[in-house]
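These are my notebook entries on a structure that I am reading through for the first time. I put down what I looked up, entry by entry.

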Amino acid sequence: IVRYDFAQDHGPGNDDHDDGRIRRFPDMGLSSINDGDTVSDGNNSVNLEFVNHLVLDADKKWLYFVDAGNRRILRLDITTGTTNGTPSFPQQEQLAEYQKMIGFVWEEVVITGLVQPAGIDIIEDKLVVTDHSNGDIVFYDVNSIPALEIGRIQTNEPGIMGAVIGPNGKLWYANANLNKVVKIEPSTVIISDVEESQFVLNGNRIFPNPVLNTL
């Protein structure tokens, strides 16, 4: 995980980051899926690498991120850690600071139930993760760690990537395989069979859960 602080706006298209500060957080064992793999039809090449999204809970200072290669979600406390010399990854440009971080706090948030995690978003104590393999959108309560799965939307559309929780509880997601962006209204959600619970998002309470047909 790399934190970039470019100090100030350098203007459109400019790339002079002499006053920038970069800090790298290593040794968490992160891995992507199909890293660098491509397919070609003879004319065009397509990168097969899956996205590994991240999202910052600005209030609680936790950075949540996808570790797709290991089928898990992690989080990093951005208020922790100290600088400790030059990172092993080579510096790419002239910078005011280029440091490795040590002693920072990180945790495994989700370690089961995901095949190809990709997109991620958080609102209050509710985390949403998309699964590229099957199109599932999975909701978690992060009040306890490992996080508790509290709901799952089955889109039945493999290829799902990034997701974001928008105004009034609306959920938006992108599907790379189908080349589309989808909006889900809270009133149309059907949650698959999970342990009995109630899912609350932006004041919208979804129940009963589980359900068989409609909700």
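Is R152 buried or exposed? I looked it up, and R152 counts as buried, at 11% relative accessibility; by the cut-offs I use, buried means under 20% relative accessible area, exposed over 50%, and partly exposed in between, with a 1.4 Å probe and protein chains only.

Before going on, I note that this is a predicted model, in which local features need pLDDT of at least 70 and side-chain atom pairs count only at pLDDT 80 or more, while totals for chains, interfaces and linings use all residues. Residues are numbered from 1 along each chain as its sequence is written, and side-chain values use heavy atoms, with hydrogens and water left out.

**Entry on salt bridges**

I searched the whole structure and found 11 salt bridges, counting a side-chain nitrogen of Lys or Arg within 4 Å of a carboxyl oxygen of Asp or Glu. Side chains of opposite charge can pair when their charged atoms come close.

R152 has such a partner in E149, with 3.0 Å from N to O, and E149 counts as partly exposed at 26% relative accessibility.

I then looked at E157, which forms a salt bridge with K180, the closest N and O atoms being 2.9 Å apart. The pair links distant parts of the chain, 23 residues apart, since E157 is in the loop between strand 14 (148-154) and strand 15 (160-165) and K180 is in strand 17 (residues 180-184); strands, at least two residues of type E, are DSSP runs numbered from the N terminus. K180 is partly exposed, with a relative accessible area of 33%.

The side chains of E108 and R72 also meet in a salt bridge, at 2.7 Å from N to O. This pair links distant parts of the chain as well, with E108 in strand 10 (residues 106-110) and R72 in strand 7 (residues 72-77), 36 residues apart. I found R72 to be buried at 10% relative accessibility, whereas E108 is partly exposed at 36%. Salt bridges that share partners join D67, R72 and E108 into one network.

How many of the six residues of strand 13 (residues 136-141) are buried? I found that six of its six residues are, and the strand is described as mostly covered. In a regular strand the side chains alternate between the two faces of the sheet. Here D136, V138 and Y140 point one way, while I137, F139 and D141 point the other way.

Strand 13 pairs with strand 12 (residues 126-131) in the antiparallel sense over five bridges, where pairing requires that DSSP finds at least two bridges between two strands. The bridge partner of K126 in strand 13 is D141. The hairpin of strand 12 and strand 13 has four residues between the strands, and in it G135 takes a positive phi near 85 degrees.

On to strand 14, which runs antiparallel to strand 13 and is joined to it by six bridges. D141 stands opposite L148 in strand 14, and the two strands form a hairpin with six residues between them.

I placed A174 in strand 16 (residues 171-175), and its relative accessible area of 28% makes A174 partly exposed. Leaving aside neighbours within four places in sequence, A174 is in contact (heavy atoms within 4.5 Å) with G159, I160, M161, G162, K180 and V181. The C-alpha atoms of A174 and G159, 15 residues apart along the chain, are separated by 8.5 Å.

Strand 16 and strand 17 pair in the antiparallel sense over five bridges, and Y173 has V182 as its bridge partner in strand 17. Their hairpin has four residues between the strands, and N179 takes a positive phi near 55 degrees there.

Which order do the four strands of the open sheet follow? I read the order as 1-2-9-8, with mixed pairing, and the edge strands, each pairing on one side only, are strand 1 (2-5) and strand 8 (82-83). Strand 2 (residues 21-24) and strand 9 (residues 97-102) run parallel and are joined by four bridges; the bridge partner of R24 in strand 9 is K100.
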